[in-house]
There are 2 protein chains.
Amino acid sequence: MTEPSSLKSAGLKSTLPRLRVLSLFEEGNERHLSAEDVYKSLLASGEDIGLATVYRVLTQFEQAGLLVRHHFEGGKSVFELNRGDHHDHIVCMQCGRVEEFYDAAIEARQKKAAAERGFAVRGHTLQIYADCTRVKCPNRVKA
Amino acid sequence: MTEPSSLKSAGLKSTLPRLRVLSLFEEGNERHLSAEDVYKSLLASGEDIGLATVYRVLTQFEQAGLLVRHHFEGGKSVFELNRGDHHDHIVCMQCGRVEEFYDAAIEARQKKAAAERGFAVRGHTLQIYADCTRVKCPNRVKA
DNA sequence: TGGTAAATGATAATCGTTCTCATTTGCATT
DNA sequence: AATGCAAATGAGAACGATTATCATTTACCA
(Lines give C-alpha, C1' and ligand atoms only; values in the text may rest on other atoms or scores of the structure.)
Protein backbone atom coordinates (compact mmCIF):
# COMPACT_ATOMS: atom_id res chain seq x y z
CA MET A 1 0.00 0.00 0.00
CA THR A 2 1.17 3.49 -0.67
CA GLU A 3 2.11 5.45 2.39
CA PRO A 4 1.47 9.16 2.17
CA SER A 5 4.49 9.56 4.41
CA SER A 6 6.90 9.07 1.53
CA LEU A 7 5.31 12.04 -0.18
CA LYS A 8 5.30 14.14 2.95
CA SER A 9 8.92 13.46 3.66
CA ALA A 10 9.69 14.40 0.08
CA GLY A 11 8.11 17.77 0.72
CA LEU A 12 5.11 17.08 -1.48
CA LYS A 13 1.47 17.42 -0.51
CA SER A 14 -0.15 14.03 -0.59
CA THR A 15 -2.75 14.53 -3.26
CA LEU A 16 -4.79 11.88 -5.00
CA PRO A 17 -2.99 12.01 -8.36
CA ARG A 18 0.38 11.72 -6.69
CA LEU A 19 -0.70 8.77 -4.59
CA ARG A 20 -2.09 7.05 -7.66
CA VAL A 21 1.09 7.47 -9.65
CA LEU A 22 3.29 6.35 -6.81
CA SER A 23 1.29 3.23 -6.08
CA LEU A 24 1.34 2.35 -9.75
CA PHE A 25 5.10 2.11 -9.53
CA GLU A 26 5.04 0.40 -6.16
CA GLU A 27 2.36 -2.13 -6.91
CA GLY A 28 2.35 -2.48 -10.67
CA ASN A 29 4.10 -5.39 -12.32
CA GLU A 30 5.88 -3.19 -14.81
CA ARG A 31 8.92 -1.49 -13.40
CA HIS A 32 9.79 0.81 -16.27
CA LEU A 33 7.01 3.16 -17.30
CA SER A 34 6.80 6.14 -19.63
CA ALA A 35 4.52 9.10 -18.98
CA GLU A 36 2.18 7.73 -21.58
CA ASP A 37 2.20 4.32 -19.90
CA VAL A 38 1.31 5.86 -16.55
CA TYR A 39 -1.42 7.99 -18.05
CA LYS A 40 -3.05 5.16 -19.95
CA SER A 41 -2.73 2.76 -17.08
CA LEU A 42 -4.47 5.12 -14.69
CA LEU A 43 -7.21 5.93 -17.18
CA ALA A 44 -7.74 2.22 -17.67
CA SER A 45 -8.16 1.82 -13.90
CA GLY A 46 -10.97 4.31 -14.08
CA GLU A 47 -8.91 7.08 -12.56
CA ASP A 48 -9.50 10.56 -13.91
CA ILE A 49 -6.11 12.13 -14.34
CA GLY A 50 -4.67 14.62 -16.81
CA LEU A 51 -1.63 13.98 -18.93
CA ALA A 52 -0.08 17.27 -17.84
CA THR A 53 -0.39 16.19 -14.22
CA VAL A 54 1.32 12.92 -14.99
CA TYR A 55 4.28 14.73 -16.53
CA ARG A 56 4.45 17.16 -13.63
CA VAL A 57 4.24 14.47 -11.00
CA LEU A 58 6.86 12.30 -12.65
CA THR A 59 9.27 15.22 -12.81
CA GLN A 60 8.59 16.11 -9.19
CA PHE A 61 9.14 12.53 -8.10
CA GLU A 62 12.38 12.45 -10.00
CA GLN A 63 13.57 15.64 -8.31
CA ALA A 64 12.44 14.31 -4.95
CA GLY A 65 14.46 11.18 -5.55
CA LEU A 66 11.46 8.86 -5.56
CA LEU A 67 11.88 7.93 -9.21
CA VAL A 68 14.79 7.68 -11.59
CA ARG A 69 14.48 8.82 -15.19
CA HIS A 70 16.06 6.98 -18.08
CA HIS A 71 16.52 8.00 -21.69
CA PHE A 72 16.31 4.78 -23.65
CA GLU A 73 16.32 4.97 -27.41
CA GLY A 74 12.97 5.86 -28.87
CA GLY A 75 12.82 9.43 -27.71
CA LYS A 76 10.63 9.07 -24.66
CA SER A 77 11.62 9.15 -21.01
CA VAL A 78 11.14 6.04 -18.91
CA PHE A 79 10.83 6.08 -15.12
CA GLU A 80 11.35 3.51 -12.42
CA LEU A 81 11.15 3.48 -8.67
CA ASN A 82 14.34 4.56 -6.95
CA ARG A 83 15.27 1.65 -4.76
CA GLY A 84 18.56 3.24 -3.87
CA ASP A 85 20.60 0.76 -5.85
CA HIS A 86 22.21 2.18 -8.94
CA HIS A 87 22.13 -0.10 -11.95
CA ASP A 88 22.31 -0.04 -15.71
CA HIS A 89 20.05 -1.69 -18.26
CA ILE A 90 20.01 -4.28 -20.97
CA VAL A 91 17.17 -3.72 -23.40
CA CYS A 92 16.04 -6.50 -25.71
CA MET A 93 15.69 -5.15 -29.23
CA GLN A 94 13.18 -7.83 -30.09
CA CYS A 95 10.67 -7.76 -27.24
CA GLY A 96 11.63 -4.61 -25.34
CA ARG A 97 12.25 -6.53 -22.15
CA VAL A 98 14.44 -4.60 -19.75
CA GLU A 99 16.85 -6.33 -17.44
CA GLU A 100 18.90 -4.56 -14.81
CA PHE A 101 22.52 -5.20 -14.00
CA TYR A 102 25.31 -3.72 -11.98
CA ASP A 103 28.98 -4.24 -12.52
CA ALA A 104 31.38 -2.75 -10.03
CA ALA A 105 34.30 -3.08 -12.39
CA ILE A 106 32.53 -1.03 -15.03
CA GLU A 107 31.67 1.65 -12.50
CA ALA A 108 35.23 1.84 -11.27
CA ARG A 109 36.63 2.00 -14.77
CA GLN A 110 34.33 4.84 -15.67
CA LYS A 111 35.50 6.89 -12.75
CA LYS A 112 39.08 6.17 -13.66
CA ALA A 113 38.62 7.07 -17.33
CA ALA A 114 36.96 10.33 -16.39
CA ALA A 115 39.53 11.28 -13.80
CA GLU A 116 42.40 10.62 -16.21
CA ARG A 117 40.88 13.11 -18.60
CA GLY A 118 40.20 15.78 -16.02
CA PHE A 119 36.53 15.17 -15.32
CA ALA A 120 34.65 14.64 -12.09
CA VAL A 121 31.82 12.16 -12.69
CA ARG A 122 28.35 13.35 -11.82
CA GLY A 123 26.40 10.56 -13.38
CA HIS A 124 26.29 8.24 -16.30
CA THR A 125 23.94 6.31 -18.47
CA LEU A 126 24.74 2.91 -19.89
CA GLN A 127 22.36 0.85 -21.92
CA ILE A 128 23.18 -2.35 -23.70
CA TYR A 129 20.96 -3.09 -26.67
CA ALA A 130 20.79 -6.78 -27.30
CA ASP A 131 18.76 -9.76 -28.41
CA CYS A 132 17.18 -12.13 -25.96
CA THR A 133 18.49 -15.63 -26.54
CA ARG A 134 15.98 -17.07 -24.13
CA VAL A 135 13.04 -19.08 -25.17
CA LYS A 136 10.54 -16.83 -23.50
CA CYS A 137 11.40 -13.88 -25.74
CA PRO A 138 8.34 -13.54 -27.96
CA ASN A 139 10.42 -12.45 -30.93
CA ARG A 140 13.21 -14.81 -30.28
CA VAL A 141 16.42 -14.57 -32.27
CA LYS A 142 18.73 -17.51 -32.49
CA ALA A 143 21.97 -16.91 -30.66
CA MET B 1 38.37 17.49 -49.76
CA THR B 2 35.22 15.40 -49.98
CA GLU B 3 35.39 12.53 -52.38
CA PRO B 4 32.14 11.66 -54.10
CA SER B 5 33.35 8.08 -54.08
CA SER B 6 32.42 7.61 -50.43
CA LEU B 7 28.84 8.47 -51.30
CA LYS B 8 28.83 6.26 -54.36
CA SER B 9 30.18 3.30 -52.48
CA ALA B 10 27.50 3.88 -49.87
CA GLY B 11 24.88 3.53 -52.56
CA LEU B 12 23.92 7.19 -52.49
CA LYS B 13 23.77 9.56 -55.44
CA SER B 14 26.37 12.24 -55.00
CA THR B 15 24.23 15.33 -54.85
CA LEU B 16 25.28 18.78 -53.77
CA PRO B 17 23.50 18.81 -50.40
CA ARG B 18 25.00 15.46 -49.48
CA LEU B 19 28.49 16.56 -50.42
CA ARG B 20 28.10 19.72 -48.39
CA VAL B 21 26.96 17.89 -45.28
CA LEU B 22 29.68 15.30 -45.55
CA SER B 23 32.46 17.81 -46.00
CA LEU B 24 31.17 19.75 -43.02
CA PHE B 25 31.86 16.72 -40.87
CA GLU B 26 35.15 15.94 -42.60
CA GLU B 27 36.56 19.44 -42.63
CA GLY B 28 34.75 21.23 -39.83
CA ASN B 29 36.42 21.71 -36.48
CA GLU B 30 33.41 20.52 -34.55
CA ARG B 31 33.10 16.77 -34.44
CA HIS B 32 29.69 16.42 -32.85
CA LEU B 33 26.88 18.19 -34.69
CA SER B 34 23.11 18.21 -34.36
CA ALA B 35 20.80 18.61 -37.35
CA GLU B 36 20.26 22.20 -36.33
CA ASP B 37 24.01 22.77 -36.14
CA VAL B 38 24.49 21.40 -39.63
CA TYR B 39 21.63 23.44 -41.02
CA LYS B 40 22.77 26.71 -39.51
CA SER B 41 26.37 26.11 -40.38
CA LEU B 42 25.57 25.52 -44.04
CA LEU B 43 23.25 28.50 -44.19
CA ALA B 44 26.02 30.61 -42.67
CA SER B 45 28.38 29.44 -45.41
CA GLY B 46 25.94 30.79 -47.93
CA GLU B 47 24.70 27.37 -48.93
CA ASP B 48 21.02 27.09 -49.72
CA ILE B 49 19.80 23.92 -48.07
CA GLY B 50 16.51 22.89 -46.49
CA LEU B 51 16.18 21.64 -42.93
CA ALA B 52 14.22 18.61 -44.12
CA THR B 53 17.06 17.67 -46.41
CA VAL B 54 19.53 17.91 -43.57
CA TYR B 55 17.49 15.50 -41.48
CA ARG B 56 17.07 13.12 -44.39
CA VAL B 57 20.73 13.18 -45.30
CA LEU B 58 21.88 12.66 -41.73
CA THR B 59 19.62 9.64 -41.38
CA GLN B 60 20.81 8.23 -44.68
CA PHE B 61 24.43 8.71 -43.70
CA GLU B 62 23.78 6.98 -40.44
CA GLN B 63 22.20 4.02 -42.20
CA ALA B 64 25.03 3.96 -44.70
CA GLY B 65 27.52 3.85 -41.86
CA LEU B 66 29.12 7.18 -42.69
CA LEU B 67 27.92 8.82 -39.49
CA VAL B 68 27.11 7.63 -36.01
CA ARG B 69 24.13 9.00 -34.11
CA HIS B 70 24.20 9.71 -30.40
CA HIS B 71 21.38 10.51 -28.01
CA PHE B 72 22.93 12.76 -25.42
CA GLU B 73 20.68 14.29 -22.82
CA GLY B 74 18.83 17.33 -24.07
CA GLY B 75 16.53 15.61 -26.49
CA LYS B 76 18.30 16.19 -29.77
CA SER B 77 20.36 13.74 -31.79
CA VAL B 78 24.03 14.44 -32.30
CA PHE B 79 26.07 13.00 -35.17
CA GLU B 80 29.72 12.41 -35.75
CA LEU B 81 31.83 10.94 -38.51
CA ASN B 82 32.23 7.19 -38.32
CA ARG B 83 35.95 6.65 -38.17
CA GLY B 84 35.51 2.97 -37.53
CA ASP B 85 36.71 3.20 -33.98
CA HIS B 86 33.99 2.64 -31.44
CA HIS B 87 34.16 4.89 -28.42
CA ASP B 88 32.00 6.29 -25.66
CA HIS B 89 31.64 9.87 -24.47
CA ILE B 90 32.21 12.08 -21.50
CA VAL B 91 30.03 15.18 -21.64
CA CYS B 92 30.86 18.19 -19.50
CA MET B 93 27.72 19.39 -17.76
CA GLN B 94 29.13 22.89 -17.49
CA CYS B 95 30.41 23.70 -20.96
CA GLY B 96 29.05 20.87 -23.05
CA ARG B 97 32.50 19.80 -24.17
CA VAL B 98 32.52 16.24 -25.42
CA GLU B 99 35.52 14.00 -24.97
CA GLU B 100 35.80 10.52 -26.40
CA PHE B 101 37.18 7.50 -24.64
CA TYR B 102 37.47 3.79 -25.09
CA ASP B 103 38.01 1.23 -22.38
CA ALA B 104 38.50 -2.36 -23.41
CA ALA B 105 37.75 -3.63 -19.94
CA ILE B 106 34.37 -1.91 -19.92
CA GLU B 107 33.53 -3.34 -23.31
CA ALA B 108 34.50 -6.84 -22.25
CA ARG B 109 32.54 -6.62 -19.02
CA GLN B 110 29.45 -5.50 -20.86
CA LYS B 111 29.58 -8.49 -23.15
CA LYS B 112 30.05 -10.72 -20.16
CA ALA B 113 27.20 -9.20 -18.19
CA ALA B 114 24.87 -9.56 -21.14
CA ALA B 115 25.88 -13.13 -21.92
CA GLU B 116 25.37 -14.18 -18.31
CA ARG B 117 21.80 -12.95 -18.54
CA GLY B 118 21.04 -14.55 -21.86
CA PHE B 119 21.52 -11.62 -24.18
CA ALA B 120 23.58 -11.21 -27.33
CA VAL B 121 24.91 -7.66 -27.46
CA ARG B 122 24.07 -5.68 -30.54
CA GLY B 123 25.20 -2.29 -29.38
CA HIS B 124 25.40 -0.05 -26.41
CA THR B 125 25.45 3.56 -25.41
CA LEU B 126 27.51 4.87 -22.54
CA GLN B 127 27.76 8.49 -21.60
CA ILE B 128 29.45 9.86 -18.55
CA TYR B 129 28.11 13.21 -17.41
CA ALA B 130 30.73 15.11 -15.52
CA ASP B 131 32.30 18.42 -14.68
CA CYS B 132 35.46 19.64 -16.33
CA THR B 133 38.13 20.24 -13.72
CA ARG B 134 40.36 21.86 -16.26
CA VAL B 135 41.08 25.54 -16.36
CA LYS B 136 39.91 25.92 -19.91
CA CYS B 137 36.33 24.96 -19.06
CA PRO B 138 34.43 28.24 -19.40
CA ASN B 139 32.11 27.36 -16.56
CA ARG B 140 34.68 25.77 -14.42
CA VAL B 141 33.69 23.90 -11.28
CA LYS B 142 36.22 23.29 -8.57
CA ALA B 143 37.14 19.65 -8.26
C1' DT C 1 20.76 15.43 -75.01
C1' DG C 2 16.37 13.49 -72.84
C1' DG C 3 13.91 10.77 -69.91
C1' DT C 4 13.16 9.19 -65.56
C1' DA C 5 13.56 7.95 -61.06
C1' DA C 6 15.53 9.92 -57.20
C1' DA C 7 16.44 14.03 -54.43
C1' DT C 8 15.21 18.47 -52.83
C1' DG C 9 12.84 22.30 -50.29
C1' DA C 10 8.77 24.54 -48.39
C1' DT C 11 5.48 23.53 -45.47
C1' DA C 12 2.19 20.79 -42.88
C1' DA C 13 1.93 17.28 -39.64
C1' DT C 14 3.41 14.45 -35.69
C1' DC C 15 5.24 13.26 -31.24
C1' DG C 16 6.78 13.94 -26.69
C1' DT C 17 6.76 17.37 -23.47
C1' DT C 18 5.98 21.92 -21.20
C1' DC C 19 3.27 26.08 -20.41
C1' DT C 20 -1.00 28.78 -19.30
C1' DC C 21 -4.67 29.69 -16.71
C1' DA C 22 -9.17 29.04 -14.83
C1' DT C 23 -10.94 25.74 -11.46
C1' DT C 24 -10.40 22.55 -7.68
C1' DT C 25 -8.19 20.57 -3.68
C1' DG C 26 -5.46 19.72 0.59
C1' DC C 27 -5.08 21.17 4.88
C1' DA C 28 -4.22 24.33 8.59
C1' DT C 29 -7.10 27.45 11.17
C1' DT C 30 -11.16 29.11 13.10
C1' DA D 1 -17.50 21.26 10.77
C1' DA D 2 -16.98 25.75 8.02
C1' DT D 3 -13.43 29.01 5.98
C1' DG D 4 -9.41 30.75 3.48
C1' DC D 5 -5.67 30.40 0.63
C1' DA D 6 -1.75 28.68 -1.43
C1' DA D 7 -0.71 24.74 -3.96
C1' DA D 8 -2.22 21.32 -7.28
C1' DT D 9 -4.98 19.96 -11.09
C1' DG D 10 -6.81 19.43 -15.92
C1' DA D 11 -7.91 21.01 -20.59
C1' DG D 12 -5.92 22.69 -24.13
C1' DA D 13 -2.52 25.80 -26.33
C1' DA D 14 2.28 26.09 -27.30
C1' DC D 15 6.70 24.25 -28.10
C1' DG D 16 10.98 21.99 -30.04
C1' DA D 17 12.71 18.18 -32.57
C1' DT D 18 11.73 15.34 -36.16
C1' DT D 19 9.11 13.20 -40.07
C1' DA D 20 5.75 13.20 -43.92
C1' DT D 21 3.76 15.32 -48.08
C1' DC D 22 4.11 16.90 -52.59
C1' DA D 23 5.21 19.82 -56.34
C1' DT D 24 9.64 21.11 -58.45
C1' DT D 25 14.43 20.26 -59.56
C1' DT D 26 18.49 17.37 -60.27
C1' DA D 27 21.83 13.51 -61.23
C1' DC D 28 22.97 10.36 -64.43
C1' DC D 29 22.44 6.57 -67.83
C1' DA D 30 20.78 5.28 -72.37
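Guide: In what follows, Ala, Val, Leu, Ile, Met, Phe, Trp, Tyr, Cys and Pro count as nonpolar, Asp, Glu, Lys and Arg as charged, and the others, Gly among them, as polar. This is a predicted model, in which local features need pLDDT of at least 70 and side-chain atom pairs count only at pLDDT 80 or more, while totals for chains, interfaces and linings use all residues. Residues are numbered from 1 along each chain as its sequence is written, and chains are lettered from A and ligands numbered from 1 in the order in which they are written.

Visitor: Which element gives the largest share of the surface near DNA strand C?
Guide: Elements are DSSP runs numbered from the N terminus, helices being H or I with at least four residues and strands E with at least two. At least two residues of this surface come from each of α4 of chain A, α2 (16-27) of chain B and α4 of chain B. The largest share, five residues, belongs to α4(B).

Visitor: Which element gives the most to the surface near DNA strand D?
Guide: Around DNA strand D there are 25 residues, the closest being A:T15, A:G50, A:T53, B:A52 and B:S77, and by class this surface has nine nonpolar, nine polar and seven charged residues. With four residues, the element that gives the most is α4(A).

Visitor: What are the elements of chain A, from the N terminus on?
Guide: Chain A has five helices and six strands, and its C-alpha atoms fill a box of roughly 45 × 40 × 25 Å along the principal axes. From the N terminus on, the elements run α-α-β-α-α-β-β-β-β-α-β.

Visitor: Why is one side of each edge strand left without a neighbour in the sheet?
Guide: Two strands pair if DSSP finds at least two bridges between them, and chain A holds an open, antiparallel sheet of three strands in the order β1-β3-β2. The strands at the edges are β1 (33-34) and β2 (67-70) of chain A, and one side of each is left without a neighbour because each has a single partner strand.

Visitor: Which residue is the bridge partner of A:H89 in β6(A)?
Guide: Strand β4 (residues 88-92) of chain A pairs in the antiparallel sense with β5 (residues 98-101) of chain A over four bridges, and A:V98 of β5(A) is the bridge partner of A:V91. Four bridges also join β4(A) to β6(A), and these two strands run parallel. In β6(A), the partner of A:H89 is A:Q127.

Visitor: How many residues of strand β4 of chain A are buried?
Guide: A residue is buried if 20 or more other C-beta atoms lie within 10 Å of its own, exposed if 12 or fewer, and partly exposed in between, with C-beta atoms placed from the backbone. Over the 143 residues of chain A, 23% count as buried. Strand β4(A), by contrast, is mostly covered, and the number of its five residues that are buried is four.

Visitor: Which element gives the most to the side of chain B that touches chain A?
Guide: Two residues are in contact if their C-beta atoms, placed from the backbone, lie within 7 Å, and the contact takes 33 residues from chain B and 33 residues from chain A. On the side of chain B, at least two residues each come from β4 (88-92), β5 (98-101), α5 (104-116) and β6 (119-132). The most, 14 residues, come from β6(B).

Visitor: Which C-alpha of chain B is nearest the axis?
Guide: With copies superposed by least squares on the C-alpha atoms of residues with pLDDT of at least 70 in both, chain B can be laid on chain A with an RMSD of 0.2 Å by a turn of 179° and a shift of 0.0 Å along the axis. The two copies are therefore related as by a two-fold rotation axis. In chain B, at 2.1 Å from the axis, the nearest C-alpha is that of B:L126.

Conventions: A residue is near a molecule or strand if its C-beta atom, placed from the backbone, lies within 6 Å of it.
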